[in-house]
Structure formats: structure tokens, C-alpha cells
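Subject: Structure handover

Hello,

Here is the structure I promised to pass on. Please open it next to this email and follow along.

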Amino acid sequence: MSIALWLIPVLVPCLLGMLGFRCLYGREYRKCFSAEEIFLNGFCVLIGLAEAAHLGAVVLNRSVTWMAAALWGLTAFLCFLSLALMIREGRKKDKKSRISVKQEDASKSTVQLLWGCLALSLVFQVIMIMTGGESYREGDMTIETVQTFLSDNAVYQTNPLTGRAYEGGIPLRLEILCLPSLYSSTAILTGEDVNALLAVFRVVVLLGSYLAFSSLAKVLFQNDKTGRIVMLILVSLLIWCGDYMISMDGFQLLHCGYRGTAVRNGILVPFTLSMCLQKKWKGAVVAILAETCIVWTLYGLGACLLITVVMVLFHLTAAHREGRRCRNS
Amino acid sequence: MQELLRNAVSGWQRYTDDGKYAVLLLGILLLYWYLKRTGSDACTANRNLLWKYTVLTAVMAIFPVTGAILMKYQTRFYDYEWIWSLVPVTLVIAAGMTGFYLECYRKYWKGKLVKPALLAAAGLALLFLCGNMGKSLVQREMNAEGKETASRILEEINALSVAADHGDENRDGDLGNTESICLWAPREIMQYVRGISAEIQLLYGRNMWDQALNAYSYDTYSPELTELYEWMEQLDDRETIPEEAESMGPVYLEAALEYGVNCIVVPQGSQDITDSLKRISEKKSLQIVKQSAEGFEIYRILK
């Protein structure tokens, strides 16, 4: 398996995430965002770039090869830009900006033991994904779509399920979803078999999900490192045991992590919640946009948008109450 | 709307049938409410906000009217269980259990061993009882075996096509059978073919039996194609085929050829199909090459 296949979904989001947050929050983004949040933001940016390339290919009627060149050309440019900025800012780095946080209770050995348990569980999940047989394909045609894109070297020219020309066509809302294009572009770049490639993406989505939950654990338990690790271990157990229904996070992450709904439930929803709890609304908007590019919901309004709207209302109500209390006192 | 309401009512039952995460979530929310009332340190501002959000979305998902509204919001493409994507079930269960455990440990049992261990064991037991582990692995392994069989059959088909091409080359001096393959086979083969190779066309796709896939295109299948599918699926268990359907075999085979099928795979022991295909090929002056593999008979039809 080529190294590029692992580097693209792991390294590229990190670089894109830094650039994305820098654009949204300026140079000070490093003080506000953790490494997890940077990766997750980068994952959303990568989805956005894939969407741009995909729409370009659909609207201009271009080939999949053109789409792959556009996507990876743009991604490479942005990654270099991000690297250059990182190197430039790295020299000027203000050491005082790094705030050391005193950790609460729990001996070092306990924390290490808990980390070990989490790592073990994660390793077994990765092994299960890579070796546990075929992914769950009911109600989904991602594999066929990617194979058809690569075979036709065109986007949605033939019905992926039969290989014959469309008679009635394809719904527009579906036509703009970009995950099959991201996968086929990656397949072109790495020259890897589609099934192996999707297995890698399933692992990346699982890891991304852990990072999203880790980011939430930081928000909910803050300096309590033991609490954060225990929460992640419980998340891991819930993933193992949530293997009973397709809509459960565990089922999606373990059996069909490359689907849009898996990315949404595993990565985007926790990421949005994390951003909303910290009132980092621009980060939530990035997640909303990423969801509209990968999941078919009503006119692009997805779960992340609803979460953000509810959270904004909660924050506004709380602020209003606080204001009234201040006035009364 | 009535249909959505009905789905929302039955959906909750379905959602809590196999696993009880939703029930566990409600338990955690109640526990948090109790901790909040007692003024526990575990109730920080962020956790309060998350608790409020989860209560709101869980209540909306459980009550049929609000559930139906959420289902309308997420489009008809998704079933009831998908509205639970809005409820952070995994997060709240994990955070709630962690918060409660650490609160108990730090306040009452610090330095003790038995009681914290018992509480942890009880929590884990509850988690395992409410969930379900490894249920889908068997299905995935079966799928892997099915895919393996389909791969081997596709290899045979390709070998058969190459052999036929060489035969033509020897006979005519040029490659006459480079046309793409259009396959008609039982569902157990057909469902994997396009995932293995997009070079091969199918008479009908997975959406013939997986209805959810019909939402991905406006294409529909004619009643005749549905009849062909049903007939092919009956071939596996020949004793159950009604006499009427069996007599329709030659008609269906001819219809399939009209649809452009040039490769047919049937379960082994279908002598009458061989005879029917021979008759059709003589009538239409086609050439048929036959090969057996993996308990199936492969017929490659050449012009």
C-alpha cells in the first residue's frame, strides 16, 4: 500500500486545517485551537476542495482525470502555502504564548494505563476494519460509483449500479455530493485499488471521530486529564457495542466509515458541538458547509446546521438572562 | 404527514428493539438532572449546555409529532432512526458516565479499591447489556465469501471471453468479440460485480432488491425485468418453481438476449436452460460457450 494513500488523509488535513483556521481567525489561531480541531477543520476544507473539483467536472463536463488534477493541484498549492506560513511563523513563535496547565490528580502510571487501554481498543478496531471482511453496502453505492467514475473517466455518465446509460437521470441534490469524487481522485493519485482505498478512509474516519470526541472531552473536562481519557475509553466501548443498527455511530464507524452519514455522525456532529460549546461559530460554519457537500438532506440543510441554530439560541437565551440578572442587581 | 407520523411511532419501537442506547441515554440525562439539583461540581456550564441540547433533541426525536417534523427536515430518503443523528448519544453517555464515576470516586471513595471497582464493573455491564457487539461481523464475513465467489466467476467469464476471442481470431483472422459483457446472474453474484469491475454491465442493478438505492436515480425497472429477476432467483431452488414459471424459461432467456445480455450465469444442474439456449442460438445463429465454476454454469453468448 503506497505511503501517499496514508499521507493524503492524515497529513493533508493537518496542513489545510492550519491554513483554514488562519484565514478565519488570523495568526492567533494557534492559541485558540487544539491539534484535534486543526485536523478536523482540515478534513472539512479537504471536503470543500473535493466539492469544488467535483462541481467543476460536472458543470464543465470534464473527465475524472481532470478532476483529480484540479483537486490535488489545488490541495498541493494550499499545503505548500500552509507549510510556508508555518515555517515563517515558527521562527517568530512567542514562547510565552504556550500556557502550561497544571494537571489534576491521578498518578502518571494510572494515566499511562488508561492511555494503553484506549490505544489497545483503537488498534483492535483498526484491525477489524482492515481485516473484517466486506464493508456494509446495503442502501449505499459508493463503491460502484467510484469504480464507474474510474472506468468511464467521467462523472455520472452511466448508472453505477448497471453500467448502462441513465434513462431517467440522477437527482441534482445527489449529483453535487462529492465523496465518490474525492475517493476516485485519490485512487487516481495513488494508483490504489478502490476497496483498499476505502478501507484506509474508513480508518481515517474512525481516527477523525476519536479526535472529534477528544476535542469535546477537552471542552467538557478541561484540565482533568483522567476524565478526558476515561471518556474516550467509554466512547471506544460505545463504538464496539453500538454495532446493532446502521444509524448507530459504532456501526457506521466500524462497518461503513466511508459513507457521508458516517463522516457526519462520527466527525462533523461532534466537531460542530465542540465548536458551538466554545462559541467558535466560524468553525461550526465550516462543518455545516462540509456536511452539505457529503450528505443528502433537505436542500443542503443538515444536522450540523440544526445543532448550530439550537446552540446559538441557547447562548442568546443565556446571555439575555445574564443581562437581566445584572440589571436587576 | 400521516405516514411520517406512523413511521415516527413505529420508529421508536424499532430504534429500541435491538439495542438500548436510547434508554441508557435517558437514564444518564435523569442522573445529570439529579446531580444538577444537588448542586454537584460535575455540572459545569458547558455540560449544562450540552445537557439542555440533548434533552431538547431527544424529546423531539421521541415524540411522534416533533419526530415527524424532524423526519420531514431530513427528507424521506432517511428512516426514523436517522433523526437520532441530531442527538449526541455516544458523547452524552460517555461524558455522563465519566462525570458520575469521577464524582463518586473523588468525593467518597478516594484511595479505596473495592467500591470504585464495583461501580466501574456495574457501568461496563450496563453498557454491554444496552449495546450489541460484533453482530454484523458474521454478515460481513459472508459478504466477503460471496465477493470471493463472484470474483472467481468473473475471472472465468473473462477467460471464456478471451478464449472465444482467440477462437474468432483463428477462424476469421481478427478479434470479433471485443464487445463489453452484459451479465445476467443470480443476486448473490450480481450484487458484487459492479464493485469488483465496472467494465461489466448488468441486466439490472442492486436496486432491484435493495429498495433504498432507488432514491439515487430516477430510473425504474419495467415489470418484465422484474419478472426476469424473480425467475432467476427461483432457479436456486428448482423444486419451488411453479410449472408455469418453468415453462416461461425460454421466453425469459430470449427476452434477456433482447435486452443485450451476452453472458448468463445460472446455478449448476439447469439442463433445460442449456437446451433452451441451444434452441435460441440456432434460431438466432449465435454461438454459445459454456463453462462450469463455483457451483454455477456460465454461458457466454457470442454473435
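First, a term you will need: two strands pair if DSSP finds at least two bridges between them. Helices (H or I, at least four residues) and strands (E, at least two) are DSSP runs, numbered from the N terminus.

This is a predicted model: local features need pLDDT of at least 70, side-chain atom pairs count only at pLDDT 80 or more, and totals for chains, interfaces and linings use all residues. Residues are numbered from 1 along each chain as its sequence is written, while chains are lettered from A and ligands numbered from 1 in the order in which they are written.

**The sheet of chain B**

Five strands make an open sheet, in the order β2-β1-β3-β5-β4 (chain B), with mixed pairing. Its edges are β2 (201–202) and β4 (287–293) of chain B, each pairing on one side only.

Look at β3(B). Strand β5 (residues 296–302) of chain B runs antiparallel to β3(B), joined to it by 5 bridges. Here V265(B) stands opposite I298(B) of β5(B). Strand β1 (residues 182–184) of chain B pairs with β3 (residues 263–267) of chain B in the parallel sense, over 2 bridges. L183(B) has C263(B) in β3(B) as its bridge partner.

Is β3(B) enclosed or open? Of its 5 residues, 4 are buried, so β3(B) is largely enclosed by the rest of the structure. A residue is buried if 20 or more other C-beta atoms lie within 10 Å of its own, exposed if 12 or fewer, and partly exposed in between; C-beta atoms are placed from the backbone.

**Chain B as a whole**

Chain B has 12 helices and 5 strands. Its radius of gyration is 29 Å, well over the 19 Å that the globule rule gives for 303 residues, so chain B is more spread out than a compact globule. That radius is taken over C-alpha atoms, and the rule is 2.2 Å times the number of residues to the power 0.38. The C-alpha trace of chain B spans about 90 × 50 × 40 Å along its principal axes. Of the 303 residues, 33% count as buried.

Chain B is divided into domain 1 (2–130) and domain 2 (137–302). These bounds come from an automatic or database domain assignment. The centres of the two domains of chain B, taken over C-alpha atoms, are 49 Å apart.

**Where the chains meet**

How many residues of chain A are in contact with chain B? The contact joins 64 residues of chain A with 62 of chain B. Two residues are in contact if their C-beta atoms, placed from the backbone, lie within 7 Å. On the side of chain A that touches chain B, α10(A) gives the largest share, 10 residues.

**The cores**

A nonpolar core is a set of buried Ala, Val, Leu, Ile, Met, Phe, Trp, Tyr and Cys residues joined through C-beta atoms within 7 Å. The largest has 137 residues, and A287(A) and I93(B) have the most contacts inside it. Its largest share, 20 residues, comes from α9(A). Apart from this core lies another, of 34 residues, including V265(B) and I298(B).

Best wishes
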